[in-house]
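Please open the structure in a viewer and keep the selection panel at hand.

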Amino acid sequence: MFKYIIARTPCSALVNGLSSANEGKPDHALAMQQHLAYLDALRKCDVEILLLPPLEDYADSVFVEDPALCTKHCAIVTRPGAPSRRAEIDAIEPALRRFYSEDKIEHIEAPGTVEAGDIMMIGDVFYIGLSARTNLHGAQQVIAILEKYGLSGHLITLEKVLHLKTGLAYLENNNLLACGEFLTKAEFSHLNIIEVPESESYATNCIWVNNNVIMPSGYPITEAKIRDLGYNVFCVDTSEYRKVDGGVSCLSLRF
């Protein structure tokens, strides 16, 4: 179960965020409304939310999932692969200190790069995607840190998607939501894989929070499959975040 959430108010510079979506620039006012609805959905999941102020110098800073990984034993301050995001770590570390003692906050060092959107937790095991943003040096550092705390990590090679959790979401209870290249990976063959059709691939990026699933709105096939598994589902509109390559999981740290 998760007790805490860290999120950050979107800055006005979000309109200039990194993007490969070709869907135009986000509407900041609408993004603010959508963020408030996202926080409302989280509040219904019985968690305590720490909402951080906007960082106007960092367009993508609303995506707090990437500069840190929070585990039950330690937090890891990452080193984002996108150079424009690298300084976000200086702003996330003070927030982590509210929940972790100084000796439980670890750091990824150069030449390693890691964005935690590439890391998926299943119990005490963490799967780390090797992507354009997370390199082998960084992933090996993550695994070494995890093993120091009795946890473990495994490498997953990505072929198409930006981040590992672009195409995967673990919903607990052995259920893995997956799309595209992840449907047949041997590393996940022991799980109950729920296939997301390519036409709804964006819906794969959703989050489990205390027996609830928060997912993007507008994906009825995937929503029905999740509801059939017995989860309570909250759908939130994330259209403005999709324009800058973001999704539901990117908007929070959950631990």
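How do the residues of the lining of the largest pocket divide into nonpolar, polar and charged? The lining comprises 6 nonpolar, 11 polar and 8 charged residues. Please bear in mind throughout that the model is predicted.

**First stop: the largest pocket**

Select V161, L162, T166, S201 and Y202, which lie nearest the centre of the largest pocket. They belong to a lining of 25 residues. The space in this pocket amounts to about 540 Å³.

**Second stop: the second largest pocket**

Now select M1, F2, T71, K72 and M121; of the 16 residues that line the second largest pocket, these are the closest to its centre. Its volume is about 310 Å³. The lining of the second largest pocket consists of 10 nonpolar, 2 polar and 4 charged residues.

In the whole structure, a search finds 2 cavities of 30 Å³ or more. The largest cavity holds about 340 Å³ of space.

To see which strands contribute, colour β3 (68-70), β6 (119-122), β9 (168-170), β12 (207-209) and β15 (253-254); each of them supplies at least two residues of the lining of the largest cavity. By class, this lining has 15 nonpolar, 3 polar and 4 charged residues.

Select L18, D60, F63, D66, R85, R133, L162, H163, V244, D245 and C250, which line the second largest cavity. Its volume is about 90 Å³. The lining divides into 5 nonpolar, 1 polar and 5 charged residues. Within this selection, L162 is also one of the residues nearest the centre of the largest pocket.

The side chains of E88 and R85 meet in a salt bridge, with N to O at 2.9 Å. Both E88 and R85 are buried.

Side chains of opposite charge can pair when their charged atoms come close. How many salt bridges does the count give? The count comes to 14 salt bridges.

Select helix α1 (residues 28-43) and display R43 and D40. R43 forms a salt bridge with D40, and their closest N and O atoms are 3.0 Å apart. The two residues are separated by about one helical turn, because they are 3 residues apart in helix α1. R43 counts as partly exposed because its relative accessibility is 48%, and D40 is likewise partly exposed, with a relative accessible area of 40%.

Move to helix α4 (residues 220-228), where R227 and E223 lie 4 residues apart, about one turn of the helix. Their side chains meet in a salt bridge, with N to O at 2.9 Å. R227 is partly exposed, its relative accessible area being 39%.

**Last stop: a network**

Finally, select E65, K165 and R254, which salt bridges with shared partners join into one network.

Technical notes. Residues numbered from 1 in each chain as written. Predicted model: local features only at pLDDT ≥ 70, side-chain atom pairs only at ≥ 80, totals over all residues. Heavy atoms only, no water. Salt bridge = Lys/Arg side-chain N within 4 Å of Asp/Glu carboxyl O. Buried < 20%, exposed > 50% of the residue type's maximum accessible area, 1.4 Å probe, protein only. 1 Å grid on protein atoms, 1.4 Å probe; cavity = no way out; pocket = protein on both sides within 12 Å on 5 of 7 lines; lining within 4 Å. Points joined across faces, edges and corners; volume = space filled by probe spheres on them. Nonpolar A, V, L, I, M, F, W, Y, C, P; charged D, E, K, R; others polar.
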